[in-house]
Amino acid sequence: MPVADLAVQLAGVPLRNPLVLASGIWGESGDSLLGAWNAGAGAVITKSIGSTPRPGYPNPTIETYGRWGMLNAMGLPNPGIDDYPKEIARARDAGATVIGSVFGGDADEFARLAGRMEATGVAALELNLSCPHAEGYGTEVGGTPEAVETIVRSVRRAVHVPVIAKITPNTADPAALAEAAERGGAAAVSAINTLRALAIDVRLRRPVLAHGLGGLSGAAIKPVGLACVWQIAQRVSIPVIGVGGVATAEDALEYLMAGASAVEVGTAVAFEGIDIFRRLGTGLAALLDELEIPSAAAAVGLARRPPDAPGGPSHAR
Ligand code: DHB
């Protein structure tokens, strides 16, 4: 039996393990959130919810590349904040730790949505500042340090729960976005969201996805996510949640060692089903045991550089 302790603290929220269901995957209904919790997730993040219902883009919305990546442009489909609280109640009442994800078109809309989401009893909020292709949302409104700081600050003034800023890798210096989130009062940052990407159908002579551009996720982006987390963890003092291509216990441990306090799992759930959380939990405990690391918390930042080493914080920019 594995003995390593998987429990971690994330921005003051106790998690039974650091393996969190990523937003946008499996999190639309209360039952699906609960399914992820019952499969062993340490917390579950809702689909990104907006002010009004959105049907999303027409099909095709997804293209896969074997098991190494997934391209999607769903168009932020969601039932809207008026309709959503009952789904959260369903998962919360059954004991799940739920984090609410919201997306807005400006700081005021984010703050309003955050207040509504907080009222559902979520443990924390994640701000989608990073969808790589939706007109008027995501990176279009949250892609610069100034915008991140303004939005986070306005949300912080509206709520009491911890605010997590999910930042984009589609910029020259993602860690500058994390620093801006910290200045604005974020309790944590999650990195990364999907990479803006495109697939072309040469026979049809047009993009594969109806929307054209999409977001690339999965194993293909893990090295990019790790680089962002590693740099961010050296430049902010708030916790980092690693996202991008976690499909095995070793992937999760890489993110912890890079400096993440928890990881989000998305595409691997789409590929392998929700039981991946059980496998990841068992596998992570066994791997920590094998490496004689007593706990998930003790692994955080083990691969960070000492301050003045080449590649360390003063060289991380
Ligand atoms: C969508 C949203 C995202 O945040 C993302 O990274 C990819 C796709 C969407 O709803 O289309």
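Here are legends for a few close-up views of this predicted model.

**View 1. Who sits around the ligand.** The ligand is surrounded by a stretch of neighbours from Asn72 and Ala73 through Met74, Gly75, Leu76 and Pro77. Asn128, Cys131, Pro132 and His133 join in, along with Asn193 and Thr194.

View 2. Look for the ligand's oxygen atoms here. One oxygen atom is 2.7 Å from a polar backbone atom of Gly75. With Thr194, a polar side-chain atom lies 2.7 Å from an oxygen atom of the ligand. For Asn128, an N or O atom in the side chain is 3.2 Å from a ligand oxygen. On its own the ligand has 290 Å² of accessible area, and the protein covers 89% of that.

View 3. Searching the whole structure turns up zero disulfides. Cys131 is in none, and the nearest cysteine sulfur, that of Cys228, is 17 Å away. Cys228 is likewise in no disulfide, with the sulfur of Cys131 as its nearest cysteine sulfur at 17 Å. Are these two cysteines buried or exposed? Cys131 counts as buried because its relative accessibility is 8%, under the 20% cut-off. Cys228 has 7% relative accessibility, so Cys228 counts as buried too.

View 4. The structure holds one cavity of 30 Å³ or more, and the largest cavity has about 30 Å³ of space. What lines the largest cavity? Leu10, Ala11 and Val13 do, together with Ile99, Ala124, Pro162 and Ile164. The lining is made up of seven nonpolar residues, with no polar and no charged ones.

Conventions
Residues are numbered from 1 along each chain as its sequence is written. This is a predicted model: local features need pLDDT of at least 70, side-chain atom pairs count only at pLDDT 80 or more; totals for chains, interfaces and linings use all residues. Side-chain values use heavy atoms; hydrogens and water are left out. A disulfide is a pair of cysteine sulfur atoms within 2.5 Å. Buried means under 20% relative accessible area, exposed over 50%, partly exposed in between (1.4 Å probe, protein chains only). On a 1 Å grid over the protein atoms alone, a cavity is a set of points where a 1.4 Å probe fits but cannot get out, and a pocket is an open set with protein on both sides within 12 Å along at least five of seven lines; lining residues have an atom within 4 Å of a point. Grid points are joined across faces, edges and corners, and a volume is the space filled by probe spheres set on the points. Ala, Val, Leu, Ile, Met, Phe, Trp, Tyr, Cys and Pro count as nonpolar, Asp, Glu, Lys and Arg as charged, and the others, Gly among them, as polar. A residue is near a molecule or strand if one of its heavy atoms lies within 4 Å of it. A polar contact is a pair of N or O atoms within 3.5 Å; within protein, one must be able to donate a hydrogen and the other to accept it, and residues adjacent in sequence count only if both atoms are side-chain atoms. Accessible areas come from the Shrake-Rupley method with a 1.4 Å probe; for residues, only the protein chains shown count as cover.
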